[in-house]
Amino acid sequence: MKLALASSSASVEEVRKQPAIQVSNLSIVFDTNRGQNIAVDRVSFDVAPGEFVCIVGPSGCGKSTVLNTIAGLEVPFEGDILVEGAPVYSPRPDVGMVFQQPHLFPWKSVRRNIAHGPRMLGKSRTEANAIADNLIAMVGLTRFADAYPNTLSGGMQQRVAIARALANQPRVLLMDEPFGALDAQTRAVMQDNLLALRDRIKATIVFVTHDIDEAIVLADRVLIMSAGPGRILREVAVKLPRPRSSSVMLEPAYLALKKDCLDVIRAEGLRAFNQSDAN
Amino acid sequence: MQEATSTRRAIAIRTGGRARRPDSVRLRRLNILVGALSLPLFVCLWELVSRSGAVNMVLFPPPTVVAAAVLEWIRSGQFFGDLLASLFRVTTGFIIGGALGILFGILTGQFPVISSLLSPLFHILRPIPPIAFVPIVILWFGLSEAGKLFLVVWGVFFTVWLSTHIGVQKVDRGLVRAALMLGTPRRQMLQEIVLLGALPYIVVGLRTAVSISFYTLVAAELAGAFAGIVYRIEIAQQNLQTGQVMGGLAALGLISFIADRLFAALAERLVWWR
Ligand SMILES: Nc1ncnc2c1ncn2[C@@H]1O[C@H](COP(=O)(O)OP(=O)(O)O)[C@@H](O)[C@H]1O
Ligand SMILES: [Mg+2]
């Protein structure tokens, strides 16, 4: 609490310049029965307030681990993480998270699921329900406000999960392959929904995916990660115009960006292959 | 919306508004009829066999004799006393054993230290059939009501404890993480996530415990009692009143059936989101 007060008393100018997220020299090591496994190796990056950053990389490269650490669900082995200038020790309500699985509370209706966060932060039931109803309308689920999660499709469940994460008005929204379990058609619709939603909320977003196309369509900046141990290979700025939709994938500028990304990934794949050959 | 209604109407017209396979309807009616006849047929057969002289009628009385015995049992006023005594033992034992089972299941499921302390003990005691405790219960409690409650509580406790323990352990970690991210304080995790997550398991455990409480009731009343359905069966056996014995069995079957149905209906309400 003291830290939050300290940062709010800083001058407005300082806050504006300050990155929303600062990750410096983050390493994470897991103890396994085959010895220590370096999941993430000295990763550093900043995210500006309001920026939309995508982290792409092959599965197992440590994307979730990085995100969980920013969320405060995992403890750094080495390095520092500052969110809004304050170090992260445990989950904070100003940092929201959407997981690959919706993880909705099965015993709560859609409205109660979304109202859960505000309730936990001490809002009255009426207030929390009003917040929930607003968000339900925003994700287009008004007809399903009283439905239970097990009656909803995967895409609808994930929309509820996004609305639930937004209910505490987080400054930072973390998304861990939120559309990874959806079919291609639903995923495209969800990407468009997220782009539209993003223009209405002011949150800083870090979005993890293994899908290059998804990353370029959504992001202002793409961080490409390599596997074993996880490192950041390259940053690619995405200067495609906003408002955007998934149809941006047909434009030449998009294809040029995708080629850049694929070149980086191919070079890394080749290097890893040669290295494993040499061993 | 309008399109949907007109599609529905089109389907209704296509099927002509009646079932397309009258055969299957006929078959279903036949099944219902046979089902309704099952019990009466069985009772008639029983009556015939008993009266045919092929068996000893004293040891194998016909249903009419059993019915007469039951009527006499009710008319004498003993039936309600017996029923109340048995129901009291079953419900009190079930509630105490169930409450303790849930409490300890949460404790061992949630706190590894408590689990390390208690689980080995519980796992050794659990497989011993409650009936095997009758001799020691008589030594400890004599013929008092406490001994009977002890047996029922003992039987119910371990089933409910184990299912609660497993339920708490199986609570989706993802839900806990989601709740943490939404600002749920750790001390509220129990009531917000763990209890509800474990509830389906707890309910299954309680349902199993309903029939267990009746098994242990039998042991408890055979161990010596002054009233109760099973006590009455035993007395009737000693007086060679086979009709009364069978009537007692039927009554026991009926109340444990009703208890199971009632609990099944309750269980559906308890896990409301299913
Ligand atoms: N709790 C854990 N214990 C041990 N190893 C883990 C754990 N979580 C992740 N890892 C390891 O860390 C690496 C990165 O995992 P993860 O962050 O889930 O990758 P990604 O999300 O990119 O698919 C993997 O090699 C995985 O095996
Ligand atoms: Mg992952």
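Author: Residues are numbered from 1 along each chain as its sequence is written, and chains are lettered from A and ligands numbered from 1 in the order in which they are written. In this predicted model local features need pLDDT of at least 70, side-chain atom pairs count only at pLDDT 80 or more, and totals for chains, interfaces and linings use all residues, while side-chain values use heavy atoms, with hydrogens and water left out.

Reader: Happy to start with Arg92(A): why is Arg92(A) called buried?

Author: Buried means under 20% relative accessible area, exposed over 50%, and partly exposed in between (1.4 Å probe, protein chains only). Arg92(A) has 15% relative accessibility, so it counts as buried.

Reader: What makes the pairing of Arg92(A) and Asp94(A) a polar contact?

Author: A polar contact is a pair of N or O atoms within 3.5 Å; within protein, one must be able to donate a hydrogen and the other to accept it, and residues adjacent in sequence count only if both atoms are side-chain atoms. The side chains of Arg92(A) and Asp94(A) are joined at 2.9 Å, so the pair qualifies. A polar atom of the Arg92(A) side chain also lies 3.2 Å from the backbone oxygen of Ala86(A).

Reader: Which residues does Arg92(A) touch, leaving out those up to four places away in sequence?

Author: Contact means heavy atoms within 4.5 Å. Among those touched by Arg92(A) are Ala71(A), Val83(A) and, from the other chain letter, Met181(B).

Reader: What is said of phi at Asn25(A) and Arg42(A)?

Author: Neither is a glycine, yet phi is positive: about 55° for Asn25(A) and about 40° for Arg42(A). Asn25(A) lies in strand 1 (residues 21–32) of chain A, and Arg42(A) in strand 2 (residues 35–47). Strands (E, at least two residues) and helices (H or I, at least four) are DSSP runs, numbered from the N terminus.

Reader: What makes a set of residues a nonpolar core?

Author: The members are buried Ala, Val, Leu, Ile, Met, Phe, Trp, Tyr and Cys residues joined through side-chain atoms within 4.5 Å. The largest such core here has 72 residues, with Leu174(A) and Ile193(B) among those with the most contacts inside it. Helix 9 (residues 189–222) of chain B gives the largest share, 13 residues.
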